[in-house]
Amino acid sequence: MISLEEIEQIKKHLGVKSLSFFFNDLPKSYPSMPMSSLSHTKDFKALATSSERVGFDMEDLSRVSPSIESRISQKEDGVYPLGFLWSAKEAAFKSTYGKNQVSSFNQIIIKNWTPKTESIWLFSFEHENKTQKGVVLQKENMIFAFCSCF
């Protein structure tokens, strides 16, 4: 569902050297990379792996409503398409695993939303006084978010 060209663009923006993405056909054993981030919906499952610290989330857009996003949004989160905030915060949360992980989505402020195309948006978030990077990609009714945390 995500092309190799899109994975290359995501890697470049995140600043990671390696990123593997598996959609529905997950490997029986994870590749020998220290970071893996798993996500699923009712119909799909996906895995992102990297040699660097990454977080990944995917959501079915039909399940995301303004009332759901309002529970985790703050005015500092800026302006973004529906569904992007939830996935961005989930991926950011996962990317902080094992590195003074935040305890709630409200501790993650997503900023600097920048549309690269109609379906690809870049963003950043702060963790341990460093700016971290993220990408949200919409493919049909699915939203995919990737974050790096160095």
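Analyst: We begin with the origin of the values, then turn to the fold, and then to one helix. This is a predicted model, in which local features need pLDDT of at least 70 and side-chain atom pairs count only at pLDDT 80 or more, while totals for chains, interfaces and linings use all residues. Residues are numbered from 1 along each chain as its sequence is written, and side-chain values use heavy atoms, with hydrogens and water left out.

User: In what order do the elements of the chain run from the N terminus?

Analyst: Helices (H or I, at least four residues) and strands (E, at least two) are DSSP runs, numbered from the N terminus. Here there are three helices and eight strands, in the order α-β-β-β-β-α-α-β-β-β-β. The radius of gyration, taken over C-alpha atoms, is set against a globule rule of 2.2 Å times the number of residues to the power 0.38; the chain has 14 Å, close to the 15 Å that the rule gives for 150 residues, so it is as compact as a globular protein of that length.

User: How many residues of α3 are buried?

Analyst: Buried means under 20% relative accessible area, exposed over 50%, and partly exposed in between, with a 1.4 Å probe and protein chains only. In the chain, 48% of the 150 residues count as buried, and in α3, which covers residues 84-95, 10 of 12 residues are buried, including Phe84, Leu85, Lys89, Glu90 and Lys94.

Terms used
The expected span of a helix is 1.5 Å times one less than its number of residues.
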